[in-house]
Amino acid sequence: MSKTENKPIIAVDVDEVIFPFVDDLIEYVDRQHSVKLSREEFVTYSLADIWKGGPHEGAEVIKAYVDQQGIEVAPVKGAAEALGQLCAKYEVVIITARDLDVQDKTKNWAYRHFPDIFKEIHLVGNQKDSVSYREKAEVCKELGVFCLIDDSLKPVVQTHAAGIKSILFGNYPWNQMEELPAGIDRVEDWKGVLKILL
Ligand SMILES: [Mg+2]
């Protein structure tokens, strides 16, 4: 598809870029476990690391959360409007570290809330748990991606090093770094993305 349309390709991450995973998870643990968490506590992007009951129990809570995660969860603010504008100029694909076991859930949610936006959805897995794990930078190179938009430091730093335009999305406790490599733009929200890409 990219070849025929000939538009530059932008790759968008899912969690915390279009899907408000942490906020939805915080509501879930409040509802199910009466545990109050705040985004500020997520100094790493893993509930297992910060869960008071320990990493094993934290991993179980995450699994139960993901199992019940609904299709109706509203996207990150401004994402649908911004991507609607961007797809006039770019081809838009998803590259997410979600694993293949949530492929249907992820695709159903994305197509429901972003109809006619995403040309392809790639679930590359995560380094720790996935047998099918691939680095986002490698997948971006293979697809000929022009720009990656992601809230995690590692893929952004790696795609940047691979010569791909890289936008660090959001100012979150888990994506802080003393000094971002020159050329990586951090944006606060989707308005910031539009300023750079439109
Ligand atoms: Mg993310």
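Biologist: How far apart do the C-alpha centres of domain 1 and domain 2 lie?

Modeller: Those two centres are separated by 23 Å. Do keep in mind that this is a predicted model, where local features need pLDDT of at least 70, side-chain atom pairs count only at pLDDT 80 or more, and totals for chains, interfaces and linings use all residues. Residue numbers start from 1 along each chain, following the sequence as written.

Biologist: What makes up each domain of the protein chain?

Modeller: Domain 1 takes in 2-19 + 75-197, and domain 2 covers 21-68; the bounds come from an automatic or database domain assignment. Their contact takes 7 residues from domain 1 and 9 residues from domain 2, where two residues are in contact if their C-beta atoms, placed from the backbone, lie within 7 Å. On the side of domain 1 that touches domain 2 there are 4 nonpolar, 1 polar and 2 charged residues. In that count, Ala, Val, Leu, Ile, Met, Phe, Trp, Tyr, Cys and Pro are nonpolar, Asp, Glu, Lys and Arg are charged, and the others, Gly among them, are polar.

Biologist: How do you know whether the radius of gyration of the protein chain agrees with that of a compact globule?

Modeller: The rule is 2.2 Å times the number of residues to the power 0.38, with the radius taken over C-alpha atoms. For 198 residues this gives a value near 16 Å, and the protein chain has 16 Å, so the two agree. Along the principal axes, the C-alpha trace spans about 50 × 40 × 35 Å.

Biologist: Why does glutamate 16 count as buried?

Modeller: A residue is buried if 20 or more other C-beta atoms lie within 10 Å of its own, exposed if 12 or fewer, and partly exposed in between, with C-beta atoms placed from the backbone. Glutamate 16 has 22 such neighbours, so it counts as buried. Glutamate 16 also has a phi near 75°, a positive value in a residue other than glycine. Its place is the loop between β1 (9-12) and α2 (21-33); helices (H or I, at least four residues) and strands (E, at least two) are DSSP runs, numbered from the N terminus.

Biologist: And what makes serine 34 exposed?

Modeller: Serine 34 has 7 other C-beta atoms within 10 Å, and therefore counts as exposed. Serine 34 is not a glycine either, yet has a positive phi of about 50°. This serine lies in the loop between α2 and α3 (47-50).

Biologist: Why is valine 22 called buried?

Modeller: With 21 C-beta neighbours inside 10 Å, valine 22 counts as buried. Valine 22 belongs to helix α2. Beyond its neighbours within four places in sequence, its contacts are Glu16, Arg39 and Phe42.

Biologist: Which residues are buried in helix α6?

Modeller: In α6 (residues 103-113), Thr106, Trp109 and Ala110 are buried. They cover an arc of only 95° around the axis, which puts them on the same side of α6; the arc is that of the directions from the helix axis to the C-beta atoms. Asp104, Asn108 and Arg112 are exposed on the other side of α6. The buried residues of α6 pack against β2 (91-96) and β3 (118-123).

Biologist: What makes lysine 165 partly exposed?

Modeller: Lysine 165 has 19 other C-beta atoms within 10 Å, so it is partly exposed. Lysine 165 lies in strand β5 (residues 165-169), and its contacts beyond four places in sequence are Phe146 and Cys147.
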